[in-house]
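Dear colleague,

My notes on its aromatic rings follow it.

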Amino acid sequence: MKITRIEAVPVSIPLRRTFNIASGEIPAGRNVIILVHTDGGIKGLGEASPIASTDADTQRSIVDVITHHIAPRLVGHNPLELPRLLSALHGAILGNSCAKAGVDIALHDLVGKLLGVPVYQLLGGRFRDVIDVQESDIWIDTPDLMAQAASEAFARGVRAFEVKIGTDPLMDIDRVRAVRQAVGSEGRIRIDCNEGYSAGTATRALRKMEVFDLDYIEQPLPRWDFEGMARLARSLDTPLCADQAAYTTNDVFRLLSMAACSLVCIKVPKSGFHGAAAIQAVCEAAGVKCTLGSMLPLGIGAAAIHHFGIHARNIDMHSSGIYGSALEYYVDDIVIQSTIDSDGAVRLSGAPGLGVTLDEGKLARYAVP
């Protein structure tokens, strides 16, 4: 069995509405679907889902990197030699985390299909049978509209809320207050600043938000300000979670060594399965729990998150919840059936690989030149 070629197909699917975070607007999903072909006719599916305002990767850079740097390193090799392929993948070019993660996901899907086992089994097996804590992102808007969005999600049964803030400290206090009033004491709230604050303004504003009973505060400072995160962690009672600052295991080791956070957000779409497992191991060794982020993937990337979530034992799933169906965010999806059950829970069958099937017609419909 040999890998014969790797396709990187850029797609664009409209979001149900433009989403706002501190670092910019997200008007549409500009993702890349990755297909790893073999001479046996079996192909692995992957997805790269960059968010331009937070990641160095772009849709075009991902296609270029996979086509000209990664594919030449992998074509002609046996896909079952997964450790060797992952080493070649990460040695192909510096950075480009989203591109590498998408190929990593496709390789795991392929190997799972070849061996007839689900990806979570490749990772070491199940830790949990079901994940039923879905989250709802409350995007930056006026306090009233954010409260309305939270109320609607609460009425659907959602109890974990990630409130996006980071643009205006005074307005952010009102935003968090409004969401807390909307969901009451039953709702679990965390806030995500997306690097929006400076070290000089964060402490005072976040102290005022702590009265709203926050589970944690995610990435309040720029990703490079490890020292500022450490000072802020000492100043607040609420746990800090590192996201954009925690791209690599080296980042995570440094953050934990400096006591700059007490939670680390793992995003399979930026780390791949290999990187996600390594980050979890570093955190577990340090006695620090992880959360599970998303990066707004379509059905393939969502399936990857679900497989890691079912497997990973060091995830605080109660506080962080899990990304559900892509159809909650997008007007359409790229897979025929998602890995979300009809009741909104993640269980996963024993289907090989990621357990999703690409809709070839939709791939053609949403592909961009």
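**Aromatic contacts**

Y329 counts as buried, at 5% relative accessibility; buried means under 20% relative accessible area with a 1.4 Å probe, protein chains only. F19 is likewise buried, with a relative accessible area of 4%.

This is a predicted model, in which local features need pLDDT of at least 70 and side-chain atom pairs count only at pLDDT 80 or more, while totals for chains, interfaces and linings use all residues. Residues are numbered from 1 along each chain as its sequence is written, and side-chain values use heavy atoms, without hydrogens and water.

The whole structure contains three aromatic pairs (Phe, Tyr or six-membered Trp rings with centres within 6.5 Å; planes under 30 degrees apart are stacked, over 60 edge-to-face, the rest tilted). The rings of F19 and W139 are stacked, because their planes stand at 15° with the centres 4.3 Å apart. F19 belongs to strand β1 (residues 3–21), whereas W139 lies 120 residues away in the loop between β4 (135–138) and α5 (143–155); helices (H or I, at least four residues) and strands (E, at least two) are DSSP runs numbered from the N terminus.

F19 also pairs edge-to-face with Y329, at 6.1 Å between centres and 85° between planes. Y329 lies in the loop between α12 (317–320) and α13 (360–366), so this pair ties strand β1 to a part 310 residues apart in sequence. Together, F19, W139, Y323 and Y329 form one aromatic cluster.

Yours sincerely

Definitions and conventions:
Buried < 20%, exposed > 50% of the residue type's maximum accessible area, 1.4 Å probe, protein only.
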